[in-house]
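I am opening my notebook on a structure that is new to me. I want to look up its charged pairs and one of its sheets.

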There are 2 protein chains.
Amino acid sequence: MTSQTTEDLRRRNLSRVLTLLHEEGARSRAELTREVGLSRSTMAGVVAELIGLGLVTESTPALTGGAGRPSGVVRLAEDVVAVAVNPEVDAVHVGLVGLGGRVVKHVRIETPDTEVATVVGLAAATVRGMLAGDSARVLGLGLAIPGQVRIGDGVVRQATHLGWSEVPIVDEVTKATGLRSWAANAATLAMRAESRFGAGKGVADLVYLIGGASGVGGGAVVAGQLLTGAAGYAGEFGHTVVRPGGARCHCGAAGCLEAEVDQATLLAAVGLDAADAGRLGRELTERLAGRGDEDPDSALAGLVEELAGLLAVAVRNAVNVLNPQAIVLSGFLAALRDAAPVDLVGDAVASIREGVEVRDAALGEEQLMIGAAELVWAELLADPAGFLLGG
Amino acid sequence: MTSQTTEDLRRRNLSRVLTLLHEEGARSRAELTREVGLSRSTMAGVVAELIGLGLVTESTPALTGGAGRPSGVVRLAEDVVAVAVNPEVDAVHVGLVGLGGRVVKHVRIETPDTEVATVVGLAAATVRGMLAGDSARVLGLGLAIPGQVRIGDGVVRQATHLGWSEVPIVDEVTKATGLRSWAANAATLAMRAESRFGAGKGVADLVYLIGGASGVGGGAVVAGQLLTGAAGYAGEFGHTVVRPGGARCHCGAAGCLEAEVDQATLLAAVGLDAADAGRLGRELTERLAGRGDEDPDSALAGLVEELAGLLAVAVRNAVNVLNPQAIVLSGFLAALRDAAPVDLVGDAVASIREGVEVRDAALGEEQLMIGAAELVWAELLADPAGFLLGG
């Protein structure tokens with residue numbers, strides 16, 4: 001073997017072991033050795049190097065009376081974090097997320113406007129505040145943007161809800177925070193979080209739809225790989241047509257899922273504020289069943305059925321085109337589905353729909369923080385030593 | 001290196017060289033050496049082995065007065081063929097296709113019915129007839145089926161236009177012909193042909209839509225890989241919704257592209273028979289322009305615009321979800337697009353549509369023969385010696 005090959009192998013082993021710990025959590029060195037399929041001595045070297053890089057710790061094995069060498073438990077280092085930033089129409093979310101998708105801190109800062117300078121300034125100030133007096137070791141910053149982000153340079157092409165167009169957000173944020181930064185579409189990052197740690201874990205062909213204040217987004221995993229498309233804009237299920245010639249959409253077209261099925265309509269129907277969107281599901285279910293001595297709300301039932309029918313058009317199209325194993329719904333789309341007695345995949349082609357399962361997302365409000373941090377972790381996991389040592 | 005690794009490397013080199021010749025055509029040994037990046041002596045061994053397997057030939061180099069060793073031209077062997085079979089609603093197409101996607105023979109056999117036994121019997125008889133007295137070396141048989149075919153065992157789950165359900169077609173055809181056989185959805189095979197040799201060549205993110213007598217099918221290439229979905233049924237763009245609550249479709253749902261935009265309607269509008277579908281494009285264009293001293297046909301113009309508008313809904317959805325570099329249209333969908341003054345991607349999200357090009361398919365009626373043969377060539381190319389020697 002050439003030394004190049006040895007070096008490749010070493011890098012790959014570091015990557016595989018750290019990725020396994022990131023995805024599956026702490027385990028004994030003996031288990032790691034078995035699962036990754038390395039020799040005991042090679043694994044000892046890999047773990048020692050990861051400890052040296054400050055990425056994992058290994059507990060001293062307890063003394064046992066049994067035979068064989070006891071094996072220490074290898075864990076992800078708790079002080080290693082990524083910053084996660086998610087600008088929305090009315091607020092900026094900022095968080096610290098550890099390896100393994102562990103959310104350490106998460107705040108929502110209301111913003112007077114969505115000007116780029118305002119948002120970047122608020123985010124940078126919040127990050128400084130979060131890190132003041134904190135011993136965390138920050139490895140980078142991930143941005144979840146509600147809009148189209150170009151792969152490669154992290155330029156926001158369009159984020160219509162923020163009023164952004166052609167914004168070099170990665171450059172701006174790097175300048176303001178001094179942190180290495182990456183950006184991607186928020187919905188695809190939420191999907192990455194669910195795909196790695198939540199309702200889509202282990203699913204090789206997955207469709208994900210998320211609905212929130214900023215509309216409907218989505219993403220897909222195809223044959224185990226994130227669907228990006230030619231330039232990184234794939235997965236805009238929110239802009240698939242559910243009613244040709246229907247409501248005018250932010251994107252300029254008409255009848256898009258996002259224009260026809262929106263959170264504000266549902267919130268208004270049950271008298272909730274945007275800040276209470278998290279209670280939408282329970283509120284819908286209770287009103288449709290009839291609360292206390294109230295009658296079931298039949299007008300609401302009609303609205304829910306109509307919107308669920310429109311959602312079903314988008315879901316059916318996604319199923320027929322992508323033949324996924326699972327559809328994961330998040331945000332108000334999950335609330336809508338839970339409240340509506342509609343089979344979202346009932347109209348898909350028979351042999352395609354038989355294998356598909358519709359599920360609610362599992363990670364709740366932390367999806368986007370976890371997903372944004374994945375941008376940093378993806379870089380680290382690909383080459384842990386190279387990332388940290390710049391090698 | 002272990003001998004396992006050496007064996008892997010040898011197999012990979014055979015595969016790479018034969019694949020290059022299959023995709024790009026004949027070239028000198030010197031060019032092959034450069035393009036594949038092997039040493040001259042390794043390439044000499046690879047070419048010798050491919051010659052030994054009867055898969056390529058090498059011409060004797062012409063004597064030249066110049067310096068350096070002259071290099072012979074390496075070509076695909078002309079006698080190596082795959083059988084291609086494509087059952088349709090009214091006929092069975094049978095062909096012989098050489099390596100490199102070269103169609104050697106192709107006949108269309110009208111069939112009294114689409115019973116499995118009838119179709120298999122006709123196909124087997126035609127193959128025997130084609131091969132009688134022919135010195136071709138047949139390596140296998142590929143079936144292009146207008147319906148959902150399960151990857152793995154080649155069972156046709158549903159082919160509604162043929163009236164087939166749960167048909168183990170690969171077993172049936174293998175029994176009837178004695179040839180190793182593979183089957184897949186016809187539209188995805190047509191796309192594989194266009195992707196490898198036609199309008200989609202070199203396009204890593206591609207959407208393909210084909211319209212014919214058996215409806216509308218499609219397929220996609222995602223990040224350079226064929227989109228299959230979890231079970232092999234992906235790409236059913238013909239069953240995406242273009243008019244919710246619209247015309248009843250064979251699939252059981254309503255408003256599918258295939259139910260709303262069909263070849264028969266267009267043929268009837270211009271007075272053509274199904275057998276003359278190839279003339280549809282010219283006929284539409286001439287009538288819309290006004291032929292001789294006829295006025296332009298304004299009723300036809302209305303129909304064409306309506307159908308193109310419905311096609312645009314499906315195309316817009318595909319573009320917004322898959323962010324392709326190119327959309328390739330084939331069959332009557334290409335004729336429709338050429339005749340209609342409609343921008344099929346005009347309503348897609350701005351940053352997504354800017355990079356996309358809409359093209360007509362390039363391989364014409366041989367698409368399906370070439371695509372069906374690709375099923376055999378994919379097996380051969382992955383491991384040429386193993387395929388032929390059963391090793």
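**Entry 1: an arginine in chain B.** I began with Arg10(B), which is partly exposed at a relative accessible area of 32%. (Buried means under 20% relative accessible area, exposed over 50%, and partly exposed in between, with a 1.4 Å probe and protein chains only.) I noted the ground rules too: this is a predicted model, where local features need pLDDT of at least 70 and side-chain atom pairs count only at pLDDT 80 or more, while totals for chains, interfaces and linings use all residues. Residues are numbered from 1 along each chain as its sequence is written, chains are lettered from A and ligands numbered from 1 in the order in which they are written, and side-chain values use heavy atoms, with hydrogens and water left out.

**Entry 2: partners of Arg10(B).** Which residues does Arg10(B) meet in salt bridges? I found Glu7(B), at 2.6 Å from N to O. (A salt bridge is a side-chain nitrogen of Lys or Arg within 4 Å of a carboxyl oxygen of Asp or Glu.) Glu7(B) and Arg10(B) are three residues apart in helix H1 (residues 3-24) of chain B, so about one helical turn separates them. (Helices, H or I with at least four residues, and strands, E with at least two, are DSSP runs numbered from the N terminus.) Glu7(B) is partly exposed, at 32%.

I also found Glu49(B), whose closest N and O atoms with Arg10(B) are 2.4 Å apart. This pair links distant parts of the chain: Glu49(B) sits in helix H3 (residues 40-52) of chain B, 39 residues from Arg10(B) in helix H1. Glu49(B) is partly exposed as well, at 24%.

**Entry 3: chain A.** Asp153(A) and Arg150(A) form a salt bridge of 2.9 Å, N to O. Asp153(A) is partly exposed at 35% relative accessibility, and Arg150(A) is partly exposed at 29%.

**Entry 4: a sheet in chain B.** I traced an open sheet of five strands with mixed pairing, in the order E14-E13-E12-E15-E16. (Two strands pair if DSSP finds at least two bridges between them.) Which strands are at the edges? They are E14 (225-226) and E16 (357-360), each pairing on one side only. Strands E12 (residues 206-212) and E15 (residues 326-331) of chain B run parallel over six bridges. Leu206(B) stands opposite Ala326(B) in E15(B).

Methods. Two strands pair if DSSP finds at least two bridges between them.
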